[in-house]
Amino acid sequence: MSSTFSTQASSYGTPLSPLSNLHHDYPSPSLPYVSSSPAEQLAACPAASAAATRIIAAAGQITSIVQKPFLFMSDASMVYTLPACLRLIEHLHIAEILRDAEDERQRLLSELRIIAELHESADNSSALAHPLRLLSTHHILRETAPDTFALTRVASLLDSRKSVADVFAKYKKYEDTSGIAAFVGLCTDELFKSAAYLTEAFTGVQLPLAPLGSPLPAFNLAFNTPVPFFECGREPRKSFRLERFSQAMIGTSGWEMPGAILTGFDWLSLPRGSTIVDVGGGIGSTTMILARAFGGNMQFRFIVQDRPVVVGLGLDAWRAQCPEMLESGQVMFYLNRHPAVYILRVVLHDWPDARARHVLLNLRLASNPETRLIIADHVLPLACWTLDSVLAHLEGAHVTLAPAPLLPNLGKASATPFSMDIVMHITFNGKERTLREFCALALSSGWRIARVTYSKGSHFGHLVCEPI
């Protein structure tokens, strides 16, 4: 597969390099991300993706070796400034403002005074240059002239593609988008604030009204409430967080290759007309992929199960995108016993082992010997060289991900699932799990993991389980 990509000028700003007539195989950092472009398709092919992963792992490891230890520690200690600035530009819709600019001169920060006026703080417009410059230093934005900024391939993911007037006029920014901006908003708002209380949660600090025997996670300490994370969205003036969370879950599809659920299990092996239940399926994004692929020829029936408030959002989404499937009863939002397949996508990581075991036991009791369970979650690789004997014969288990001297879990290139592990702890007292932990959890609740498949270039896995 061959591809060229010109670094010609665009609405995202002129390239930093004066060699604007050269063509490149890899996507230009100056241009917006367009998944269908030849360059992005080339970068996403397995060979290029694997090479990029090793480059990232090596660059991160080299940095830890050659940078002065104090400076390395300083960077790590102050990395909190990045999500703080990301939240700022997402909240102020900077991506939409920069995209709407007609030429480079309109990107001057003084021209963004609309933000200060809308927020009744005229002095803030000049101060915005500083957080934007920090993001430029980390290659998220670009400073193309003094106090002049443009989007990059990375920052373009924050763009809702809505007009500036629309995103400021009403809080419907995340509807009909990729969900990535919603995911960034979620991570840099309530999750970022909760992370500051990780130590307090680990060391047993609790609220006066905390339930006995059930230590509250860091989220509750940060927001000074005993109300669980998923219940907080029901409180007055906070419903936007629930809506943002639902859209953010759509954004997490970036953890997988597009349509990875289609290859995570042999769907054609199921009898025609089988019932598939998406447990904790949110608004039904995964089910929609399956229904469009197999609903017709295989006549599968789909059931999405979640909390009532989320089901309401899901019904709205399906009425807008696939109303005929709801009307025909092919897709429903209630639980059914003895289906052909249960799907648990990013559900178990919300729970500590005891609660996760309870979920799996309930599914086992509602299953027959032919029922299959698909657990879709990050599978954490170890940072040391080993392969448990218990995993040696498991189909799809990784022996190693990288050659020495790279870390066997690819280090910097694998940072996201390990960060998610901590996010799950601070939010729910949950966790991401290693494959060994998944195997033990499944066996303790009446299931056996028969096979694991991974999205290419990702640690997001689909674990196919059988009843025992």
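Colleague: Rings of Phe, Tyr and Trp (its six-membered ring) pair if their centres lie within 6.5 Å; planes under 30 degrees apart are stacked, over 60 edge-to-face, the rest tilted. Which residues form an aromatic cluster here?

Modeller: F219, F223, F229, F230, F245 and F428 make up one cluster. Bear in mind that this is a predicted model: local features need pLDDT of at least 70, side-chain atom pairs need 80 or more, and totals for chains, interfaces and linings use all residues. Residues are numbered from 1 along each chain as its sequence is written, and side-chain values use heavy atoms, without hydrogens and water.

Colleague: How many aromatic pairs does the count come to?

Modeller: Eleven. Take F229 and F245: their ring centres are 5.7 Å apart and their planes stand at 65°, so this pair is edge-to-face.

Colleague: Where do those two sit in the chain?

Modeller: F229 is in helix 13 (residues 229–232) and F245 is in helix 14 (residues 239–251). They are 16 residues apart, and the pair links distant parts of the chain. Helices (H or I, at least four residues) and strands (E, at least two) are DSSP runs, numbered from the N terminus.

Colleague: Is F229 buried or exposed? And what about F245?

Modeller: F229 counts as buried, at 10% relative accessibility. F245 is buried too, at 16%. Buried is under 20% relative accessible area, exposed over 50%, partly exposed in between (1.4 Å probe, protein chains only).

Colleague: What kind of pair do F300 and F302 form?

Modeller: An edge-to-face one, with 6.3 Å from centre to centre and 75° between the planes. F300 is buried at 1% relative accessibility. F302 is also buried, with a relative accessible area of 1%.

Colleague: Zooming out, how many helices and strands are there?

Modeller: The protein chain has 20 helices and twelve strands. It has 468 residues, and 46% of them count as buried. Now look at contacts (heavy atoms within 4.5 Å). Among contacts between residues at least 6 apart in sequence, 68% join residues at least 24 apart.

Colleague: New topic. What does H378 touch?

Modeller: Leaving out residues up to four places away in sequence, H378 touches W255, P417, M420, E432, R433, F438, H459 and F460. H378 lies in strand 9 (residues 372–380). At 3% relative accessibility, H378 is buried.

Colleague: And where is T177?

Modeller: T177 is in the loop between helix 9 (164–169) and helix 10 (180–195). T177 touches S160 and K162, again not counting residues up to four places away. Its C-alpha atom is 9.9 Å from that of A248, 71 residues apart along the chain.

Colleague: Now the backbone. Which residues does a cis peptide bond join?

Modeller: A404 and P405, with omega about 10°. You'll find P405 in the loop between strand 9 and helix 19 (415–428).

Colleague: What is the phi of Q299?

Modeller: Q299 has a positive phi of about 55°, although it is not a glycine. Q299 lies in the loop between helix 15 (285–294) and strand 6 (301–305). With a relative accessible area of 48%, Q299 is partly exposed.

Colleague: What about the phi of V346?

Modeller: V346 is not a glycine, yet its phi is positive, about 45°. V346 sits in the loop between strand 8 (341–345) and helix 18 (353–365).

Colleague: Is V346 buried or exposed?

Modeller: V346 counts as buried, at 11% relative accessibility.
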